[in-house]
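Take a look at the chain below.

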Amino acid sequence: MDVDEFYNQLFDRLESEMKGTPQVDMLDHRYGGRLVHMIESNECGHISTREEPYHALQCEVKGRQTLEESLAHYVQGESLSGDNKYRCSTCNNLVDAVKSTHVGTLPTNLIFHLKRFEFDMEFFHRIKINDRFEFPPTIDMRPYLTPAGRAATPGSAADPGETKYDLTGVLVHMGTSESGHYYSFIRDAETLEWFQFNDTIVSPFQVDHLPEEAFGGGKANSAYMLVYRRRGTADDPATEQAAAKAAIPKDTLEAIYETNAELRSNLCLFDRPLGELVLNLGQFDLTSWIVPVAAYYVRVALRGTDRTLLTQISSLIADSITQPLADWFLGYFVAIPRPWAAIAHNVIDATSPDIRANVVNTLSAVVRHRASDLAVRQFASVLSHTFVEVDLRLWWRTCDQICVLALAVLDRVPNAFEKNIAKLISTVTGDWDRQSKTNIMAISKANLRPINVLILRAVFNADSMDVPSLLFVSNDRHACLYFVQLAVYCHEWVDLLEPLTAIAKKFGVAGSMYIGLVGAIKYIQTPEAHQFLRQAFKAITSVSTPKDRELAIGWLKWVVESEAKELSEMAGITIVLVLYMLAGCEETLPVVRVTANVWMLLRASPSPLVKGYVTQFLQVIGVLAPNPPAPAGR
């Protein structure tokens with residue numbers, strides 16, 4: 001449920017609860033208005049109207065640059081003519097008409113819902129629209145009223161009253177279409193100062209920074225709902241007095257008491273003198289005080305805002321802890337309820353990058369240098385379970401940190417993630433055929449090298465053949481294709497070439513590697529990508545068998561037959577050079593099949609340069625005679 005759905009359900013519930021009370025019209029008075037749907041005949045002059053209540057105006061973001069532009073589109077008329085003529089409800093004739101929607105009445109508080117989510121009919125999944133969408137600090141709603149409302153004189157029956165509104169609140173969504181986090185910026189009604197409300201943290205906010213924080217434009221954070229307040233509006237004293245006298249339900253009061261008790265407890269826990277006391281005790285004798293130090297680090301310091309104190313306590317743990325205490329510290333994470341959730345909360349979805357980095361650096365230091373092998377294995381089991389429970393595709397921006405931590409575990413326990421590596425692989429490479437290019441581009445922007453290295457190392461360190469067979473069986477080439485295409489787009493071929501070759505050699509899966517390499521040829525657009533694939537084919541060929549190379553030639557034939565006309569010039573040249581490489585292996589390959597491939601490429605490719613490479617190749621293997629010398633001029 002997103003915030004717009006929650007908002008609608010909340011208002012429905014409140015309206016239902018307030019029926020039969022003096023406050024029954026309070027929501028409509030403060031937040032409700034009416035839309036007027038009009039159909040105006042161009043011939044008989046009759047006008048048909050229908051009113052509809054609203055508590056928020058829906059504004060299109062896609063294809064619109066500003067709130068004013070979106071509202072203008074909202075009230076823009078639609079012509080009904082030709083086969084789509086309107087049957088007038090008054091004279092019963094088919095007439096040309098204009099259908100439009102206007103704002104009929106305005107509430108005290110005007111809320112706009114910015115439609116940043118839509119359903120992609122091509123890929124059949126929900127996507128978020130991160131386009132830049134600007135909104136003003138003040139807006140005049142008169143241009144969007146009905147014609148009568150726009151033309152009304154002050155004091156007349158049709159006068160809508162004050163139509164200028166000031167921005168008082170912005171609700172921001174940070175994340176993707178599948179997950180994310182909401183926070184808000186709110187203006188104080190009395191001081192006119194702005195504050196940011198982010199969970200339990202309230203901090204002053206400079207409204208001048210609102211464009212960077214809420215307009216979007218390729219960013220994960222963008223405004224989702226806007227709240228404007230009518231100028232010169234004061235709350236009705238009678239309504240305020242009635243609200244003050246209203247009885248509060250018992251369960252609501254109990255919830256308030258519990259929340260206040262928790263707040264008082266947190267005020268004590270997050271008081272800096274308490275943190276300084278814990279730090280001094282740990283520096284004096286960490287062996288005796290490891291329990292309160294560790295508990296304070298996990299329960300308080302990581303949730304607080306004092307970065308200096310957090311750094312001091314984490315440094316104390318990482319630098320001064322002994323092996324028994326390190327084992328206890330890791331055991332603390334293992335023993336808490338749903339430990340994988342605690343790790344995911346602090347390492348993946350923590351809102352502050354400082355928190356994520358601190359947790360990873362501290363735990364990595366303890367894992368690498370302090371804890372025993374047994375404690376690291378137990379911790380590795382919890383971390384491995386985190387990969388099963390958390391869908392990393394939803395956390396591309398932050399999941400690199402947990403991969404860094406996992407790499408530290410692999411330094412101590414090489415096969416730590418063997419049981420769950422298949423889940424990790426499927427998480428990263430799932431649905432690859434359907435949206436490979438989209439995923440690749442998103443990954444390249446996120447710079448997620450740790451997750452690539454983690455998967456490759458985990459696969460290579462696996463003791464069981466089940467892991468590489470899951471990863472590189474010929475019927476499922478997603479994973480190899482993932483790494484190859486990642487290299488093509490991100491130019492990481494230097495980092496990926498050696499581990500890919502090592503895996504091919506260790507587990508004898510060069511054939512499936514070839515399939516991934518061939519599948520990536522069609523994405524070649526740059527010399528760097530061409531260089532990677534040439535190097536990769538050369539490396540895999542060095543550890544391949546004749547059967548593997550037969551498979552590679554077959555897949556190259558398929559690419560040439562289906563894609564030759566669409567291949568880039570670089571891709572065509574790559575195919576020729578790869579075929580030449582495969583034909584020159586020590587074991588004899590069917591030259592006829594190689595030749596057939598390049599003949600097809602010669603006929604299909606529109607590139608003169610590719611045709612020249614093909615001709616030269618055919619001459620080298622003796623299929624074509626060299627071009628005769630040009631006759632001497634007379």
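Which residues does Glu-213 touch, not counting residues up to four places away in sequence? They are Val-172, Tyr-183, Phe-185, Phe-205 and Asn-221. The model is a predicted one. Glu-213 sits in helix H5, residues 210-214. Its relative accessible area is 29%, so Glu-213 is partly exposed. Met-174 lies 39 residues from Glu-213 along the chain, with 10.0 Å between the two C-alpha atoms.

**Overall make-up**

The protein has 634 residues, and 45% of them are buried. Its secondary structure comprises 27 helices and 16 strands. Take the contacts between residues at least 6 apart in sequence: 71% of them join residues at least 24 apart. The exposed surface comes to about 32,400 Å². Carbon and sulfur atoms supply 53% of that surface.

**The cores**

In soluble globular proteins, nonpolar side chains tend to be buried together. Here the largest nonpolar core holds 49 residues. Tyr-297, Phe-329, Leu-330, Phe-379, Leu-383 and Val-409 have the most contacts inside it. Helices H8 (272-284), H9 (286-299), H10 (307-320), H11 (323-335), H12 (339-347), H13 (353-370), H14 (373-389) and H15 (400-412) each give two or more residues to this core.

Leu-383 shows who meets whom. Beyond its neighbours within four places in sequence, Leu-383 contacts Ile-343, Ile-402, Leu-405, Ala-406, Val-409 and Phe-417.

Ile-313 belongs to helix H10. Is Ile-313 buried or exposed? Its relative accessibility is 1%, so Ile-313 counts as buried. With neighbours within four places set aside, Ile-313 is in contact with Leu-279, Val-293, Tyr-296 and Tyr-297. Ala-294 is 19 residues away from Ile-313 along the chain, and their C-alpha atoms are 8.9 Å apart.

| Helix | Length | First to last C-alpha | Expected span |
|---|---|---|---|
| H13 | 18 residues | 25 Å | 26 Å |
| H24 | 18 residues | 25 Å | 26 Å |

In H24, residues 546-563, the buried residues are Asp-548, Arg-549, Ala-552, Ile-553, Leu-556, Val-559 and Val-560. They cover an arc of only 140° around the axis, so they lie on the same side of H24. An α-helix has 3.6 residues a turn, so residues three or four places apart point the same way.

In H13, the buried residues are Ile-355, Arg-356, Asn-358, Val-359, Val-360, Thr-362, Leu-363, Ser-364, Ala-365, Val-366 and Val-367.

**The cysteines**

How many disulfides does the structure hold? It holds zero. A disulfide is a covalent bond between the sulfur atoms of two cysteines. Cys-44 is in no disulfide. Its nearest cysteine sulfur belongs to Cys-91, 3.8 Å away. Why does Cys-44 not count as paired with Cys-91? A pair of cysteine sulfur atoms must be within 2.5 Å to count as a disulfide, and the separation here is 3.8 Å. Cys-91 is in no disulfide either. Cys-44 has 30% relative accessibility and so counts as partly exposed. Cys-91 is partly exposed too, with a relative accessible area of 26%.

Key:
Residues numbered from 1 in each chain as written. Predicted model: local features only at pLDDT ≥ 70, side-chain atom pairs only at ≥ 80, totals over all residues. Heavy atoms only, no water. Core = buried A, V, L, I, M, F, W, Y, C linked by side-chain atoms within 4.5 Å. Buried < 20%, exposed > 50% of the residue type's maximum accessible area, 1.4 Å probe, protein only. Helix = DSSP H or I, 4+ residues; strand = E, 2+ residues; numbered from the N terminus. Contact = heavy atoms within 4.5 Å. Areas by Shrake-Rupley, 256 points an atom, 1.4 Å probe, with all protein chains shown as cover. Expected span 1.5 Å × (residues − 1). Arc of directions from axis to C-beta.
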